[in-house]
Amino acid sequence: MNYEGNELEKCLNGEYYDCHDKVFLNLKTRARKLLKEYHALAYEQKEEKTRILKQLFAQIGSNVSVGLPFICDYGQNIYIGNNVSVNMNCTFVDCNKITIGDNVLIASNVQLYTATHPVNLEERLTPDWSPETGEYFCRTYALPIRIGNGCWLGGGVIVLPGVTIGDGSVIGAGSVVTKDIPDNSLAVGNPCRVLRKINKNE
């Protein structure tokens, strides 16, 4: 899809952007429509589900399942490889790109967040903001998330903006991933830390 205007470019470049710009409202409207259709389908309607996911996502490989319920912001920034299982009740806040490799397991209640705000209050508030401007009252930016090939994210894992999880890594249930995780690592906790390397024979 082609979009006009620079707010989308700012967003994808990790810069402050106006999340109430028309381009984002249109993307959300489109995503909500497709998600409504998706949620209305029965479990066994595999072909119909795949058809909608191909419209919703920027890229989707073969043998991909996405359990219900599923929530995303735009869908257009989600890239999924082959042999991927996304279990029920997952949330993908895809203001920036979310890239998921091949042979990935994503358990129930996993949350992937690309959008964020400045920690400092003065930086977080939009300068000279008023309800009449139509902008959001606080500054927003978004950073991409990458989940490598062969990863497994346990139930309730939260991945924060800008994080890359390396190929073959496993993230324990309930972990909050705040920083990059190297390849072939077993990592757990809040904040998530590497426990050890995973032996290829395991």
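**Close-up views of aromatic rings**

**View 1. F137 is partly exposed, with a relative accessibility of 41%.** Buried would need under 20% and exposed over 50%, so the value of F137 falls in between. Y136 is also partly exposed, at 27%. The model shown here is predicted.

View 2. A search of the whole structure gives 7 aromatic pairs. In the pair of F24 and Y74, the ring centres are 5.8 Å apart and the planes are 25 degrees apart. That angle is under 30 degrees, so the pair counts as stacked. F24 sits in helix α2 (residues 22-39), while Y74 sits in the loop between β3 (70-72) and β4 (78-80). The pair therefore ties together parts that are 50 residues apart in sequence. F24 is buried, at 0% relative accessibility. Y74 is buried as well, at 1%.

**View 3. Y136 and F137 form a tilted pair.** Their ring centres lie 5.0 Å apart.

**View 4. Y17, F24 and Y74 make up a cluster.** Ring pairs link these residues.

**View 5. Two lysines lie over tyrosine rings.** K46 is over the face of Y43, 3.8 Å from the ring centre. K49 is over the face of Y38, 5.9 Å from the ring centre.

Key. Residues are numbered from 1 along each chain as its sequence is written. This is a predicted model: local features need pLDDT of at least 70, side-chain atom pairs count only at pLDDT 80 or more; totals for chains, interfaces and linings use all residues. Side-chain values use heavy atoms; hydrogens and water are left out. Rings of Phe, Tyr and Trp (its six-membered ring) pair if their centres lie within 6.5 Å; planes under 30 degrees apart count as stacked, over 60 as edge-to-face and the rest as tilted. Helices (H or I, at least four residues) and strands (E, at least two) are DSSP runs, numbered from the N terminus. Buried means under 20% relative accessible area, exposed over 50%, partly exposed in between (1.4 Å probe, protein chains only). A charge sits over a ring if NZ of Lys or CZ of Arg is within 6 Å of the ring centre and within 35 degrees of the ring normal.
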